[in-house]
Amino acid sequence: MKPLETLLHNAALSRHRILLSEGSDPRAVQAAHDAATQGVARVGLVGNEAEVIAQFQALGLPIANDITIFDPETSEHSSELAQLYYDLRKHKGVTETVAAKAAHNPHVFAALMVKAGHADGTVGGAVATTAEIVRTAIQVIGPKPGSKLISSFFLMLLCQPHHERKGALIFSDSGLVVDPNAEEMAQIALASAASFNALTGETPRVAMLSFSTHGSAKHDAVTKVATATQIAKDSAPDLLIDGELQFDAAFVPGVAAKKAPDSATAGQANVFIFPNLDAGNIAYKIAQRVGGANAIGPVLQGLAKPANDLSRGCSAEDILHMIAVTAAQASALD
C-alpha cells in the first residue's frame, strides 16, 4: 500500500472529529465531502451556516451524515466556549465581554471546541495566516505536558515511478522555528521522531543535517548540529539518530558507506532535521516542485491536541490529506 493510501486508511479507522475553521471556503467544503465519502474522518465545518450551505449547493454536493456545520454565532456551545476562553486568558487581562466576542471567531471557536473535548483536532490556514493559526493554537490548546517547543514538519511522500526510494519522510522544521539553538534543534528531532512513528507506524531514523559530515568541516554552525545530536542522544538513547550529516550521507547508502561508515542511519534516514528554517523550507519546496514529492504540511507538533496549518495556496486534496494527518495525530494521543 502506498504511504498516502496507508495514511488515509489509518485515519478512517479512528473516526475522529476534525474541525475545519474556514468552513465556508469551497476548498474546505470539497475536502469535507471527500473525507466523509472516503470515511477518513467526521468533519465539522466552522462558519456561517447559510454561507457553508450555499457553498455545498454551488459545488453540487450533498451534506453527508458525517459532516456537521458549527456556526459560532448560533452554536449551543458558544456560552461554554466563551467561559473557557475567559478562564484561559483572564490572566492576560481578557474580560468576559472580550472572551464572548473571541469565541465567535471561527479559528478560536474551533480551537476551543478541541480544548473542551468536543472535537479531536482542528485545521485552518487556507485563508488565515500561519501566525494567526499558530498563535490561536498555542493560546487555546497549549503545549502538551513536558513539551518545551512548538515546531512543525512536512510529511513528504515519495510515491512516483521515478522515486527510486518510496515511502514517507519527515522534513523538520520547515515551517515555523526560524533559527533553533542546539537544545531547540534536539527538541525538534525528538518530536519529529515521535511524529513519524505516530503517522507511519515505522521506526524513525533521524538525520541531523549540515553541510558537514562527522567533522569534515569546522564552523559554529556545524558545532550546533553536532551538539544538538548529542543532546538528543542523551535524551533518547534508543533512538536511531546521527549527525552532523550531509543530506547525501543521510539518504544514499552508498554515500553513507564512504562518508559515514559507522552511521546509525546508514543512508536510510527517514526523518531529516534541518539546522534552520531557510534550509528546511527551501528543501521541502525543491523536493516538492523539482522532485515530485507530495508535501503535506506544515504540521504542528508539541501541542496538547492537534491543530494544523495550511498553505494559503492549498487545494481541496491538500486539506483532505491534512485532515488525515490530524486524525492520525489524535489517534496517537488516545
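I began with a rule: two strands pair if DSSP finds at least two bridges between them. Helices (H or I, at least four residues) and strands (E, at least two) are DSSP runs, numbered from the N terminus.

**Ground rules.** I noted that this is a predicted model, where local features need pLDDT of at least 70, side-chain atom pairs count only at pLDDT 80 or more, and totals for chains, interfaces and linings use all residues. Residues are numbered from 1 along each chain as its sequence is written, and side-chain values use heavy atoms, without hydrogens and water.

**Entry 1: strands.** I looked up strand 5 and strand 10, which pair in the antiparallel sense over six bridges. Ser 152 has Leu 300 in strand 10 as its bridge partner.

**Entry 2: largest pocket.** A pocket is an open set of points on a 1 Å grid over the protein atoms alone, where a 1.4 Å probe fits, with protein on both sides within 12 Å along at least five of seven lines; lining residues have an atom within 4 Å of a point. I found 23 residues lining the largest pocket, with Lys 144, Ala 191, Ser 195, Gln 301 and Gly 302 nearest its centre. Helix 8 (182-200), strand 10 (294-301) and helix 13 (316-333) each give two or more residues to this lining. Helix 8 gives the largest share, eight residues.

**Entry 3: second largest pocket.** I counted 17 lining residues here, and Leu 158, His 163, Glu 164, Arg 165 and Phe 251 are the closest to the centre. Strand 5 (151-158), strand 6 (167-172) and helix 10 (247-251) each give two or more residues to the lining.
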